[in-house]
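Hello,

Here is the structure I promised to pass on.

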Amino acid sequence: MYIYKVGVVGAGTMGAQIAEVVSFAGLPVVLADREEALARRGVESVRAIYQARVAKGKMTPEQLEEKMLLVTASSNLERLHDADLVIEAVSEDLLLKQRLFQALNRISSRSTILASNTSALSISAIGSATKRPDKVIGLHFFNPAYAMPLVEVIPGLGTDPQTVDDVVG
C-alpha cells in the first residue's frame, strides 16, 4: 500500500515533529488536536523547525513555504477520514489512546493504518479498542524526530505482517 496522506493526532512537541518529518518527505499531513489553537500552534512549531533549517542554510525560504503547504491544522478528527496512515501522539494514557483509536476506527477507511507513537504502552491493548487490530502498529519516533533518523516499529499481537511492510516500505 502506498501512503498518500498522513494524519497526526496530538499537536504537542512530538506530534509537531512527526508532522514535520512527514511533510519533509513530501506527503500532505493533517495535524489534529482537540482545539484549533493547539493544532495551529503545532503547525507553527513545524514552521519553526523549517525556519531553523533556513537559518542554517540547509533550506531556502521558498522550500520552507513549499513544505508548509503540505501541513494543515484541524480540531476535527473527521478531517482524517481519507488519510492512509494516522499516527497518534497524545499523552501516555492507555484509556485516552483506546478512546482515540475507537474514534479513528469509525472515521477512517478500513485500509487506514492506525499507529501509536507510544514507547511504553501495549500496541495489542491499543489495537483491541478497534475492529482492525491487524492495521494497528506502533511507530515510536525518537526526540527530536526531525534530527533522529530512527523510528521503532512495534507490531501488536494482531498486527498483519503486511501492515509492518507498508509502514517500513
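The helix that gives the most to the lining of the largest pocket is H1, with four residues. Helices here are DSSP runs of H or I of at least four residues, strands are E runs of at least two, and both are numbered from the N terminus. Please note that this is a predicted model: local features need pLDDT of at least 70, side-chain atom pairs count only at pLDDT 80 or more, and totals for chains, interfaces and linings use all residues. Residues are numbered from 1 along each chain as its sequence is written, and side-chain values use heavy atoms, leaving out hydrogens and water.

The largest pocket has a volume of about 480 Å³. Among the 22 residues that line this pocket, Ile-3, Val-22, Leu-27, Leu-85 and Val-167 are the closest to its centre. A pocket is an open set of points on a 1 Å grid over the protein atoms alone, where a 1.4 Å probe fits, with protein on both sides within 12 Å along at least five of seven lines; lining residues have an atom within 4 Å of a point. The volume is the space filled by probe spheres set on the points, which are joined across faces, edges and corners.

H1, strand S4 (85–88), strand S6 (136–141), strand S7 (151–155) and helix H6 (161–168) each supply at least two lining residues.

Thr-13 belongs to helix H1 (residues 13–24).

Best wishes
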